[in-house]
Every structure is written in structure tokens, then in C-alpha cells.
Amino acid sequence: MKKINIIETRVRSFIEDIQHPKQKKKLNINDLEFQLRKLLDDYYEMDGYSLFYEAIQSLQDEGQLTPIHNNQHNGKTPSLPLYYWVNVKAQADKWDRLGMMKLSDLFDFSFYERHPEWQTKEEWSRIQSLYGFLQSSGEREVVSLEERSLELFGHEEFLHDGVSFPDGKGFLARIGVSEEQLKVVKYGEPFVFWMKQGKEIKDIQRVLIVEKLSFFHTSIQLLESDLLDYEPELIIYGEGTKIERSFSFFFKIFPAKSYLLYYAGDLDAAGYGIMTRLIEKYPDCCIQPALKIYRKMLECLDQRNEQKSGQLQNLKYRDAFFRWFTDEEQELLMQLWQEKKRIPQEVLTIETWRRWM
């Protein structure tokens, strides 16, 4: 039964995805089976075609599919017509207009008037749950988005996991309610940091953010030996792009005042993007590249390696990063860029640091 469910579930999911509320769509049955075979490694071992045939027959019996009889078949046994119509998606029962009017003091139903296919029982249940909350929201405390999502819609990921819950991510926009009205907050992700021995939170002035874990530990050793550039009182481990989500947590720990914030990452496209986006996202903070550290990395040009596959070569981020450097340094950086090479932060070790002592 489990194998049957796998095949039928995949087929039904595909048909549901391409069904349109207003017009039929033509389907090549061989194309559908080909996609299925790619998804299931054991398709042939489970006698996948027999199960596929049964699934198509079931959908035809239910009126979801209509065969196109033109003497073209899929070439398999038992055979199926090569083409089917994917019939129009059955329209949901429209909501009671009086029911909508009763909730219109808090909600705007214009989206649902324009898109009646969204007038489902599940959507109406969500709207009623949200209405009940908003009626007493003045007495409620601010909680996390995940906590409120679980309370109102039964799952903590419903409002922001568009893959697992495709109906959830756009729900608030459809009904015209903001996250603020839900009395929720998006917490910054905690990050790992190291404070120099003998310092207190009130002493923090200079902060170094580093992209890689190895250099985070190297920086701690250098800091405690008074050998680290900028003499920061605090080092933050950025964890690659995670720092873009977690940096807001900084303001939950440290008092509001002016800080000198230096960022050091890999000399590559991803590193340029992280630093540039941090500056753009937090314009009121004094964030700048840790040029002294980057210049040490440039002296390790012989340890450059291949650019990681999949990195976005964003010219805007590249140019914004390059502008911090001298003309000669920019030539070296451009050479790396054109050769699709990079200098990873791991070139900076306790051993290699000795050349600058």
C-alpha cells in the first residue's frame, strides 16, 4: 500500500499543481511518467508503470482527467492515450456573504471576491481563528511569529514556510492583516561571540565580525595576546550569511551607543555580498571592512583557490567592496575576480600571522 501511495500521491500532486480554475490544460502522459521516473529511484523495482496506470485510471474516473482519443497512445502495456485534458479545477463552494459581512469590520474580503477559488473551508477556518484573536488582541502579549502561528493555525511554520505550507505564506496579505496586528516579533538568531578577558559589556567599543569558524578561534588567540588588528573588545562569529539574520541580536545584548564594527570574510563574491548587505541593512551602524586583515589576506595570494560553484557574481557588491581599497589593491582583487579565484579566510593562521609581527 505504501508504494501505491507514493506513485498516486506524486501523480495527484502534479495534476493539482497544473489545474487551472478557468481553462483546461493539455497533458502529455509520457512527459508525466518521465518526471515520475526521475523522482523515484526504485520506479522499475516497484513495477511503477502498473501503479502509474492505475493512478491515471482513478483520476479519469473522478473526472480530473479526460482522454483525448486521436489514435495516439503511450506505447506501453496496458496502453494509455498519449494526451489527456486536465480538467478545470472544481470551484470551491462560495462563502456565505452574510458571514463575510459580519467579519468585514476587521477584514477586507476584496481579494476573495476577485479570486473565488480561495473561498475554501480551510481558508474560512483560518479567517475565523484570526478574527477571534483580533477581537481580544489588546489584552494579548507580544510573542514570536512561530508561537502565534502555532496558536492560530496549528503549526509554528505555517506563516513563513512557503514550501511546506504554500497557503500560509501569503495568508496575511490575502486578508489584509499585518504582522504587527498579530502582536508578534521576529527574533534575531543568537550568535557566538568572545569578549576580551577583563572587559565588561559597558566597555565594548570596537567589534570584529569574522566569517569563518577557524579564524574566529585564531582571532581569539591573537586578541588575548594583544596581536589582533583594531584591538577589538568583542569578536563575533558570523557563520557566513547567517550574520545577516543574526546581527539584530547584537542590540538585544549590548547597550545602545555608537560602536566601531569591522567585518572580515573571504575574498570572494559571497564575502563581498555579506559585507555590503550588512552595511545596507544597518545604515545607522558604523560597519566597514577590516582592511588591515584583508590586506594580510591579499599578501597570501599564492594560496588562492577556485571560486566556489554556485556563487552569484554580483557586480554591484563587487564594486561596493572594491571601492574601499587602493588602486593597486583593486587590481589584485580584479585579477582574482577575472580568474574566478578566491582567497579564503583560513590563510590567516597563528603561524602565518607571524610574518606581520
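These legends describe close-up views of a predicted model. Local features need pLDDT of at least 70, side-chain atom pairs count only at pLDDT 80 or more, and totals for chains, interfaces and linings use all residues. Residues are numbered from 1 along each chain as its sequence is written, and side-chain values use heavy atoms, with hydrogens and water left out.

**View 1. The three-stranded sheet is open and antiparallel.** Its strand order is β1-β3-β2. Helices (H or I, at least four residues) and strands (E, at least two) are DSSP runs, numbered from the N terminus. Two strands pair if DSSP finds at least two bridges between them. β1 (25-28) and β2 (65-67) each have a single partner strand, so one side of each lacks a neighbour in the sheet. Neighbouring strands are turned by 35° against each other on average, direction ignored. β2 and β3 (residues 83-86) pair over three antiparallel bridges. P67 has Y84 of β3 as its bridge partner.

**View 2. Helices α2 and α3 lie across strands of this sheet.** α2 (residues 29-39) lies across β1 and β3, at about 60° to β1. α3 (residues 48-61) lies across β2 and β3, at about 100° to β2. Axes are lines fitted to C-alpha atoms, for helices over the stretch in contact, and angles run from 0 to 180 degrees between N-to-C directions. Contact means heavy atoms within 4.5 Å.

**View 3. The loop between β2 and β3 holds N71 and P78.** Most residues other than glycine have a negative phi, and most peptide bonds are trans. The bond joining T77 and P78 is cis, with omega about -5°. N71 is not a glycine, yet its phi is positive, near 65°. N71 is exposed, with 77% relative accessibility. Buried means under 20% relative accessible area, exposed over 50%, partly exposed in between (1.4 Å probe, protein chains only).

**View 4. E123 of helix α6 (residues 121-135) is buried.** Its relative accessibility is 0%. Beyond neighbours within four places in sequence, E123 contacts W95, Y112, W118, F171 and R174.

**View 5. The five-stranded sheet is open and mixed.** The order is β6-β8-β7-β9-β10. The edge strands, β6 (192-195) and β10 (286-289), each pair on one side only. Neighbouring strands are turned by 20° against each other on average, direction ignored. β9 (residues 260-264) and β10 pair in the parallel sense over four bridges. L260 stands opposite C286 of β10. Helix α12 (residues 269-281) packs on the sheet and touches β9 and β10. The direction of α12 makes about 160° with that of β9.

**View 6. E239 sits in the loop between β8 (234-237) and α10 (243-246).** E239 is not a glycine, but its phi is positive, about 55°. E239 is partly exposed, with a relative accessible area of 31%.

**View 7. Helices α14 and α15 are roughly antiparallel.** Angles over 145 degrees count as roughly antiparallel, under 35 as roughly parallel, 65 to 115 as roughly perpendicular and the rest as oblique. α14 (residues 315-322) and α15 (residues 327-338) pack at about 155°, with axes 10 Å apart. Their crossing is right-handed, meaning that the near helix is turned clockwise from the far one by less than a right angle (anticlockwise for left-handed). L315, R318, F321 and F322 of α14 meet Q330, L333, M334 and W337 of α15. By class, this contact has six nonpolar, one polar and one charged residues. Ala, Val, Leu, Ile, Met, Phe, Trp, Tyr, Cys and Pro count as nonpolar, Asp, Glu, Lys and Arg as charged, and the others, Gly among them, as polar.
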